[in-house]
Amino acid sequence: MAIMIIAELSQAEQEMGQRIWRQAAPRMTRLATIVIRLRVNRGWSPERICRRLRISRRRFRRHLLIAVREIARAAADIDR
């Protein structure tokens, strides 16, 4: 599913996504990076991620929020 989404993006959109990711990823926790990749790239459900990583829903939500916040911050920095 994620491959189809990537195939539908133009080259410029893919490059923008990569720039945002390169800027945001170093500011995320390691778990936040793993959670966002499993959720977005692989399309795993929150229940599956929690079960496979053996983490609580609270910890999942906390690190997902960290990832989303850093991605939003990186996108805003690039837009400036």
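Reader: Is Thr33 buried or exposed?
Author: Thr33 counts as buried, because its relative accessibility is 17%. Buried means under 20% relative accessible area, exposed means over 50%, and partly exposed is in between, with a 1.4 Å probe and protein chains only. Keep in mind that this is a predicted model, where local features need pLDDT of at least 70, side-chain atom pairs count only at pLDDT 80 or more, and totals for chains, interfaces and linings use all residues. Residues are numbered from 1 along each chain as its sequence is written, and side-chain values use heavy atoms, with hydrogens and water left out.

Reader: Ok, and where is Thr33?
Author: Thr33 sits in helix 3. Helices here are DSSP runs (H or I, at least four residues), numbered from the N terminus.

Reader: What is Thr33 in contact with, leaving aside its neighbours within four places in sequence?
Author: Trp21, Ala25 and Met28. Contact means heavy atoms within 4.5 Å.

Reader: And what about Met28, with the neighbours within four places left aside again?
Author: Met28 is in contact with Trp21, Thr33, Ile66, Ala67, Glu70 and Ile71. Met28 also belongs to the largest nonpolar core, which has nine residues, among them Ile20, Ala32 and Ile78. A nonpolar core is a set of buried Ala, Val, Leu, Ile, Met, Phe, Trp, Tyr and Cys residues joined through side-chain atoms within 4.5 Å.

Reader: Which element gives the most to this core?
Author: Helix 5, with four residues. There is also a second, separate core of eight residues, including Leu31 and Cys50.

Reader: New topic: at what angle do helix 3 and helix 4 pack?
Author: Helix 3 (residues 30–41) and helix 4 (residues 46–53) pack at about 135°, and their axes are 10 Å apart. Axes are lines fitted to C-alpha atoms, for helices over the stretch in contact, and angles run from 0 to 180 degrees between N-to-C directions. That makes helix 3 oblique to helix 4, since under 35 degrees is roughly parallel, over 145 roughly antiparallel, 65 to 115 roughly perpendicular, and the rest oblique.

Reader: Which residues make that contact?
Author: From helix 3 they are Leu31, Ile34, Val35, Leu38 and Arg39, and from helix 4 they are Pro46, Ile49 and Leu53.

Reader: Last one: what's up with phi of Arg54?
Author: Phi of Arg54 is near 55°, a positive value in a residue other than glycine. Most residues other than glycine have a negative phi. Arg54 lies in the loop between helix 4 and helix 5, and Arg54 is exposed, at 78% relative accessible area.

Conventions. Helices (H or I, at least four residues) and strands (E, at least two) are DSSP runs, numbered from the N terminus.
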